[in-house]
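I hope they are handy as you look through the model.

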Amino acid sequence: MILLYLLFVCCVVKCYEPLSAQSLARLSSLNLGCGLSLDPDDSNNHFVHLNKTRVPGSKGSLEVREYIKDHFDELNKEGEVWLIEEDNFVEKGYNFSNIVVQTACADARDKLVVAAHYDTLIKPEGFIGAIDSAVSCGIMLDISRALNGLLRSHLDEMDMGLAFIFFDGEEAFEKWSATDSIYGARHLHSKWMKSAELATIDLFVLLDLLGGELNYVPSYFPQTHENYNDMAILERRLLNDFPEIMKSQNFFANPSDYEREYFGIIEDDHIPFLRSRVPVLHLIPSRFPETWHTINDDFLHVDINSIKRWNYLMAAFIIEYLELPV
Ligand SMILES: [Zn+2]
């Protein structure tokens, strides 16, 4: 009876296995960060293509959307890994398009979602939104390229899928309110609620305002405090294995001396999902960078070292979460 009970528990509870020391060490073989540089002449550099205004429905928005889809189409050329979908809709006279890219693994019922918004504020004119949130989009593009071969080899065995969501319309046009903000997230949430896809999100990780000098991220929600700690542990292990990349700065609180500190809710694309009780890990610094929502939020004011650290950490977290053999 006890054995049966244990078997039952093992079947229904996903046991979280930390990334092995060997797998962690092999991260260096994935060429992480190749697409993340501040060199405008580097043809692999995603930021060159994201370095423009991306107001919903605008030419810049369309160009970036095409760039993102072309990136995943290109990755699919050696065998289909990614299902690429556009979620188009019109609200308040604006055309919006979310881009949803998911691993084509037939047997995975649930998925890890990693999301960021690609649109920019309409004012100030010329606003580039590097930390808000082109950097996070670049990280998602770089990681998808670095993990592509690994995912392709293990697609048939994966019981957890991976989805990257590039949200449109996070920013308000006039003044932030429940009806003037997170257009894309509200739309996709309601679509996925109707189709029951919402229930397949095992964890929703939202990246925002990453890539500046202020990077401390607190644990915002009790529901995902364990995931926060898993990431904090990974950060420390990476710091140990890759000190030249991770440097000394800590993004996360130390789990061992951590007092659960739940900050007030920051309004962002996760809100509709959170309200539907989807587990949300919100990776946004508690102190916003000084360039936030100013014309200085451009690629001259990002910290490339912190971008590369976030990139390593997110890649390691995804590999660990999906239990991908590296
Ligand atoms: Zn913003």
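1. Let's begin at a strand pairing: Gln102 stands opposite Ala163 in E4. Four bridges join E2 to E4, and the two run antiparallel. Strands (E, at least two residues) and helices (H or I, at least four) are DSSP runs numbered from the N terminus, and two strands pair if DSSP finds at least two bridges between them.

2. A word on the basis: this is a predicted model, where local features need pLDDT of at least 70, side-chain atom pairs count only at pLDDT 80 or more, and totals for chains, interfaces and linings use all residues. Residues are numbered from 1 along each chain as its sequence is written, and side-chain values use heavy atoms, leaving out hydrogens and water.

3. On its other pairing, E2 (residues 94-103) meets strand E1 (residues 82-91) in the antiparallel sense over 10 bridges. Asp87 stands opposite Asn98 in E2. Two residues separate the strands of this hairpin, and Lys92 takes a positive phi near 50 degrees there. E2 is mostly covered, with eight of its 10 residues buried (under 20% relative accessible area, with exposed over 50% and partly exposed in between; 1.4 Å probe, protein chains only).

4. Do look at E5 (residues 201-207) too: six of its seven residues are buried, so the strand is largely enclosed by the rest of the structure. E5 runs parallel to E3 (residues 110-117), joined by five bridges, and Lys111 stands opposite Ile201. Four bridges also join E5 to E6 (residues 280-283), again in parallel, with Val280 as the bridge partner of Phe204.

5. Phe204 is also among the residues with the most contacts inside the largest nonpolar core, which has 100 residues. Such a core is a set of buried Ala, Val, Leu, Ile, Met, Phe, Trp, Tyr and Cys residues joined through side-chain atoms within 4.5 Å. Helix H5 (residues 130-154) supplies the largest share, 13 residues. A second, separate core of five residues includes Val55, Phe89, Phe173 and Tyr183.

6. Lastly, the zinc ion: its protein donors are Asp132 (OD), Glu171 (OE), Glu171 (OE) and His293 (NE2), at 1.9 to 2.7 Å. Donors are N, O and S atoms within 2.8 Å of the metal (3.2 Å for Na, K and Ca); water is not among the atoms, so sites may look incomplete. Asp132 lies in helix H5 and Glu171 in the loop between E4 and H6, so the pair ties together parts 39 residues apart in sequence. Both Asp132 and Glu171 are buried.
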